[in-house]
Amino acid sequence: MASPHAARVHAARVLVASNRGPVSYTLRDDGELEAARGGGGLVSGLSAIEGDTDSLWVCAALGDGDRAAVRRGVGEDGVRMLDIDAEVHAAAYNGIANSVLWFVHHMLYQTPLEPVFDVAFRRQWDAYRTYNRAFADALAAEAADGAAVLVQDYHLALVPGMLRELRPDLRISHFSHTPWAPVEYFRLLPDDIGAELLHGILGADRAGFLTRRWADAFVACCTAVVGGTGDTAVSVHGLGADADFLRERSHRPDVDERMTALRERIGGGGGESAGDRKTIVRVDRTELSKNIVRGLLAFRELLDARPEWRGRVVHMAFAYPSRQDLAVYRDYMTEVRRVADDINSRYGTPDWTPVALYLKDDFARSLAAYRLADVALVNPIRDGMNLVAKEVPVVSDHGCALVLSREAGAYEELGDDAITVNPYDVSATADALHRALTMPDAERAERTGRLAAAATALPPQQWFLDQLNALTSGERTGD
């Protein structure tokens, strides 16, 4: 069947599609646009083909500044930003991607009350379809014959199937950055919606995941719901930390300045006790799956059960705001603050504040905390990977004990040298913190070295190239 998109706009050979792109725009008070470059593993990974005039990143306009840029014709070479109706985007992004698919894959529902799949949900699902269709149409129009298209994440799960119908000549992959739900939990979704979601990803030649566990869960869902994976290959690509970037960035002057400020905060103004106090560090978005509240409760239990740690350890909790347009996230942020305040009021003294809670995102300060940490607490309820667990050992100045949830994707690679915990077991997590704080220096240094080696096995550029090579080197399926 001839493609309705025969007229190519850029005829790109390699295309990436994601909800968020590598650049965003802000409208200044004077009406001018200000551009800011994004970060993250995908942006770093795509730098592997940066400067390639045959590549294109297709993304959505996420705010008024982005939409103004599209309408004014402002943009960067190699980026196409889609001006999708704001109401459609809100329903697809907040209504489905972040309030349904994220909750399913991270197993976050309080099932006595939620989910409720009713008429309102169906309207939002229609918007999710429309949103995915806009990406499929744009990719079909921009791709050269036989091009490679790498579709990213749960926001765009329907794109591969839609794109396959429009352009059967393309090589298409879909990569999931989240966990994948087990069959029993996946089947919370309405039967037709679950099948549509799977068929969407199965439109790809390859479906990629961060760990074998998530890949196996996807295959199990396909087997149970739609009878198998068909011609779609399923592969694992475990995104690692960018060691060269992290080590260079963590020794810039702004990081050194923040280390000085953090040392003062830890030591009660830099007094004699500063050198004696240990640090437990966590760096997260205030996202429901990150389990920040239970981490704080475990620290409270540590101080209660082992009073010898009072005055001798500070829990630096970097809890950066996330999805504050959703009420459940605002409520969670309130609870994080409440528990931190309770610990400080219960145990704090004039020269020691047990919890240092930081709510404003500051990458340089996070790196400073990585370097200072005696213990890193990474205890998500469920996480596709969790790069913090991989970044801390790379940056640590003197070795850092890692307390790691067995439900983090990073557990698959780092579990042998971490102290692993059940993220729901607050008492066991308190015990793990004690064990981490008392770990001998030599053991901690040895573990940190092994953790850093494992954490950097597949840095972002290689991670991206592995996916691209797997997609382009094998025989194309789906014809």
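Me: Why is helix α14 (residues 388-395) said to be largely enclosed by the rest of the structure?

Reply: Burial is judged by relative accessible area: under 20% is buried, over 50% exposed, and partly exposed in between (1.4 Å probe, protein chains only). Eight of the eight residues of α14 are buried, so the helix is largely enclosed. Among them are Lys-390 and Glu-391. The model is predicted, with local features needing pLDDT of at least 70 and side-chain atom pairs pLDDT 80 or more, while totals for chains, interfaces and linings use all residues. Residues are numbered from 1 along each chain as its sequence is written, and side-chain values use heavy atoms, leaving out hydrogens and water.

Me: How are two packed helices, such as α4 (residues 119-142) and α5 (residues 159-166), described?

Reply: Two packed helices are described by the angle and the distance between their axes. Axes are lines fitted to C-alpha atoms, for helices over the stretch in contact, with angles from 0 to 180 degrees between N-to-C directions. Here the axes of α4 and α5 come within 9 Å and cross at roughly 45°. The two are therefore oblique, the class left after under 35 degrees (roughly parallel), over 145 (roughly antiparallel) and 65 to 115 (roughly perpendicular). Contact means heavy atoms within 4.5 Å; Phe-135 of α4 and Met-162 of α5 are among the residues making it.

Me: What is the order of the strands in the open sheet?

Reply: Strands are DSSP runs of E, at least two residues, and helices runs of H or I, at least four, numbered from the N terminus. Strands pair if DSSP finds at least two bridges between them. The seven strands run β5-β4-β1-β6-β7-β8-β9, with parallel pairing.
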